[in-house]
Every structure is written in structure tokens, then in C-alpha cells.
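Hi,

Here is the structure I said I would pass on to you. Have a look at it first, and my notes on what turned up follow below.

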Amino acid sequence: MPAQTLPQLLLLTAFVTATVSVGAELTPPPLPMPTSNNAVVTVTDNAGRAYLVSFAGLGSGKTYRDTHARTFVLATDAASWREAPPLPGGVGRLAATAVALGSRAYVFGGYAVGSDGSERSTPWVHAFDPLTATFESAQAMPVPVDDAVAVAYQDRFAYLISGWHDDGNVNLVQRYDRNTDSWQQATPVPGRAVFGHAGGIVGNTIVYCDGVAVRVHHARRRDFVANSACYTGKIDPDNPRRIDWRRIDDHPGRPRYRMAAVGARALGAVVFVGGSNNPYNYDGIGYDGEPAEPSADHFYYDLRTNRWQMLASDAPATMDHRALAPWAGTWVTVGGMLADQRVTDQVVVHTLLPPPAHPPNR
């Protein structure tokens, strides 16, 4: 089904280079350092104070030496980010994922890069309290994954959808229960196992798209290819291990790698931002040897109409994201890569507003 040509919403986007006020909202300042492929999440404490948190990632040098485990925290009423203790594990890591459960940020997996270029998926799970800036260890993942999609459900469960494990993709959906600090397997994904896909959840409905699949050949080594496929999955409230997965229409344009995404309850939609048309290694160079470039596209899947909608945007093209995080009534991408694979410290704010009643003449 083709995308609608007239967006239902207008996406107003500001590229942030300093702390500025937009109406009654405070635009977040840049990160203390350029960081890409970081796990980003928004957490609200028991007093209602919100925190934007960035875990680990890749610095501007884009080599294995530039992977880090640094933690940066921005409180709603703070003028600057503060640095918290590093993500435990003793190594820098990439492609970790984070969700908010209760007043904690739960950080899952990621991978460490060796000096020889080898990559190892990490099994660690940690709960981070942004108020006290402390980590607690949680039950490790049964199957360590990185570059997975993570969504939170009922403020209790986290679902890790597909992703990469050491030597290949897995089709697993692993469900973590914070009440019991335990894992169970949920209904696996129905399509190809992928990594670097993107998705979100609204109510009990997950939407995820794209990523990279492994293609096997008879006479030469396997390679990695962009996967053009989108799915919805409805979690059974009576048995949250069961997910009714269904294929939906592809989103507009070419498949994307490492988009930012979020479930926007007020819109009844899952919003997708940026990413790249050319799947790439952590340094931004494509698996085909060509430098990857970011996309400026914005679109969302409307769960009420089951249709894709394009969004107008003046945001800079960005890629290498883990999440589109809610912040002060808007959504933000934190860090990532800009054109020419440049790792950035910038924050991009995305504000969704109704379109004008009478579009201006052009």
C-alpha cells in the first residue's frame, strides 16, 4: 500500500547546538562528547522527575579504542549533562539497548570489539537508578544479543526482539520480568532474523521494521543484506509470552538500518526517524565497502488506520541510533552519526504538532 502523500502531522525539528528555550520547554544541551550507537532512554523517578540517560557507545575516532562504557545523565531541571559511573563490565560496548521499567533504566547486552576486530556479544543486564547514579546487576540474558529491538510492557516486562549473537542473528524474542528478575522465551519473530532493526510499542502492539539479514551463498562467504520487512506483534495480556505476529506493508522508501523509533501513545503510532539505506560496520563503512550515509526521512505507522504516513521534517539526516526518546513533551535523538559518518554530540528535538488548518500558498 503506498504511503499517504499528505501527512496527518507536521514534524517540526530543531537541530540543537546550544541550550535554548522553545516555548515552555528546555531543549537538551549537547552530550559531553560525541557518541554514536549509544543506548538512550528516558526514566521518571518516584517523585516525577525525568532523566534522559545515554549509556556506552562509540567516540569520534570510530576505532575499537573509541568504544566506551560512559554514562551521561540529564535531569529535567538541569542545565547540563552529568557523568555517572560507567556501565559495568569493564569494557566499552556498542549496540546495547535500554528500556525504562519503574524508576530504573534497564540496560541489555551490546557487544565489545577486540583489537583484532573480533566482536563478542555481552550477556549483562543492569538496572540503573538515575537519582542515585548506581547500577545493580540483574539476571543475565539466556542468549546474549546486541543490535536488538527492546520494548517495555506493563511497566514490568522487557522484550528483546531478534538481534545478533556472536556469530549470527537469532529469531528469539526474550522476555525479562523485573518482578521476578527472570527470563522466559516468547513467541519468536516470524520473518528473517535480523540485527540493527528498529521498533516501538503502543499498548500491547509492537511494530518493528528492517534491519540486516544474513545471506548465504554456495561458493563464497555469507554476506549481510538490508531486510525490507515490517511486522506488528500483539502481546496476549492473559499470557504475555504469546505474541501474535503479522506482516504489514513495508514503510515508504528503501529499507533502513539503525533508525531511531518510539511508540507514541498519544498518536496511536510508532514513529521512525533517520537510519541508513546502506548497512554498515560500526565505523560507518558499509559491508559493501562504500561509506554509509544517513537518511532524513521521518514516517510513522498508524495503528488506528494500519497505514504508513510520511512526515515533513527539516532535521539533519542522522543514523546509528538505538532509540527515539521522549523528552519534555517531544522526542529526541541523542548523538549518532551525521553525513560523512561524523559522530556527533548533538541532540535533535522532534515536536509533533497538528498541521495548519490552511496550508500557506507556495
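Let's start with the aromatics: Trp164, Phe195, Phe224, Tyr257, Tyr280 and Tyr287 are linked into a cluster by ring pairs (two rings of Phe, Tyr or Trp, the last by its six-membered ring, pair if their centres are within 6.5 Å). Bear in mind that this is a predicted model, where local features need pLDDT of at least 70 and side-chain atom pairs pLDDT 80 or more, while totals for chains, interfaces and linings use all residues. Residues are numbered from 1 along each chain as its sequence is written, and side-chain values use heavy atoms, with hydrogens and water left out.

By that ring rule there are 22 aromatic pairs. One more ring is worth a look: Tyr231 has the charged end of Arg247 sitting over it, 5.7 Å from the ring centre (the rule asks for NZ of Lys or CZ of Arg within 6 Å of the centre and within 35 degrees of the ring normal).

Next, the strands (DSSP runs of E, at least two residues, numbered from the N terminus). S8 is largely enclosed by the rest of the structure, because four of its five residues are buried (under 20% relative accessible area, with a 1.4 Å probe and protein chains only). S8 runs antiparallel to S9 (residues 104-108), joined by five bridges; DSSP has to find at least two for strands to count as paired. Within this pair, Ala98 has Val107 of S9 as its bridge partner. The two strands make a hairpin with two residues between them, and Gly102 in the turn has a positive phi of about 65°.

S21 (residues 205-209) is also largely enclosed, since five of its five residues are buried. In a regular strand, side chains alternate between the two faces of the sheet. Here both faces are covered: Thr205, Val207 and Cys209 are buried on one side, Ile206 and Tyr208 on the other. S21 has these partners:

- S20 pairs with S21 in the antiparallel sense over five bridges, with Ile201 opposite Ile206. Their hairpin has two residues between the strands, and Gly203 takes a positive phi near 60° there.
- S24 (residues 230-236) pairs with S21, again antiparallel and over five bridges. Val207 has Thr232 as its bridge partner in S24.

S8 and S20 come back in the largest pocket, as two of the elements that give two or more residues to its lining. The others are S4 (39-44), S14 (149-153), S26 (260-264) and S30 (325-327). A pocket here is an open set of points on a 1 Å grid where a 1.4 Å probe fits, with protein on both sides within 12 Å along at least five of seven lines; lining residues have an atom within 4 Å of a point. This one holds about 870 Å³ of space. Of its 38 lining residues, Ala152, Ile201, Val262, Gly263 and Pro326 lie nearest the centre. The lining divides into 25 nonpolar, 10 polar and three charged residues, with Gly counted as polar.

Most residues other than glycine have a negative phi. Ala133, though, has a positive phi near 55°; this residue lies in the loop between S12 (125-129) and S13 (134-138) and counts as buried at 13% relative accessibility. Asp147 has a positive phi of about 55° too. You'll find Asp147 in the loop between S13 and S14, buried with a relative accessible area of 2%.

Cheers

Notes:
Points joined across faces, edges and corners; volume = space filled by probe spheres on them. Phe/Tyr/Trp six-rings, centres within 6.5 Å; stacked < 30°, edge-to-face > 60°. Buried < 20%, exposed > 50% of the residue type's maximum accessible area, 1.4 Å probe, protein only.
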